[in-house]
Amino acid sequence: MSQTPANPDNPQSRQETLLEFPCAFPLKIMGKMEVDLAQTILTVVQKHDPEFDGAAMEMRPSSKGTYISLTCTVTATSKEQLDNLYRELSGHPLVKVVL
């Protein structure tokens, strides 16, 4: 999939995002502590960033162990890629919050 670089002379391009692609972009995903949450998140993330290494996923349980926070630093290649990833993650029934 070929991406057209943002044109810095076009004001609309500058307004879309302040990110320069490609870049490392951390996502924090929070959900209820479920056996298959991490694998489910990994599958979704790798769909949008096939090079993402699951071993790099950071996991932190809440103090009571009810919730878990997963941090995935993806290689963002476009605003569209990030938008699609956020949309899919936030729409998943196991996910409570995506930051």
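**Reading a helix and the nonpolar core**

Q: How many residues does helix 2 have, and what span does it reach from its first C-alpha to its last?

A: Helix 2 has 12 residues and reaches 17 Å, close to the 16 Å expected at 1.5 Å a residue; the expected span is 1.5 Å times one less than the number of residues. Helices (H or I, at least four residues) and strands (E, at least two) are DSSP runs numbered from the N terminus. This is a predicted model, in which local features need pLDDT of at least 70, side-chain atom pairs count only at pLDDT 80 or more, and totals for chains, interfaces and linings use all residues. Residues are numbered from 1 along each chain, and side-chain values use heavy atoms, without hydrogens and water.

Q: Which residues of helix 2 are buried?

A: An α-helix has 3.6 residues a turn, so residues three or four places apart point the same way. In helix 2 the buried residues include Leu-37, Ile-41, Val-44 and His-48 (buried: under 20% relative accessible area; exposed: over 50%; partly exposed: in between; 1.4 Å probe, protein chains only). Their cover includes strand 1, strand 3, helix 3 and strand 4.

Q: Which residues have the most contacts inside the largest nonpolar core?

A: In soluble globular proteins, nonpolar side chains tend to be buried together. A nonpolar core joins buried Ala, Val, Leu, Ile, Met, Phe, Trp, Tyr and Cys residues through side-chain atoms within 4.5 Å. Here the largest has 22 residues, and Leu-27, Ile-29, Ile-41, Val-74 and Leu-89 have the most contacts inside it.

Q: Why does Ile-29 count as buried?

A: Ile-29, in strand 1, counts as buried because its relative accessibility is 1%.

Definitions and conventions:
Contact means heavy atoms within 4.5 Å.
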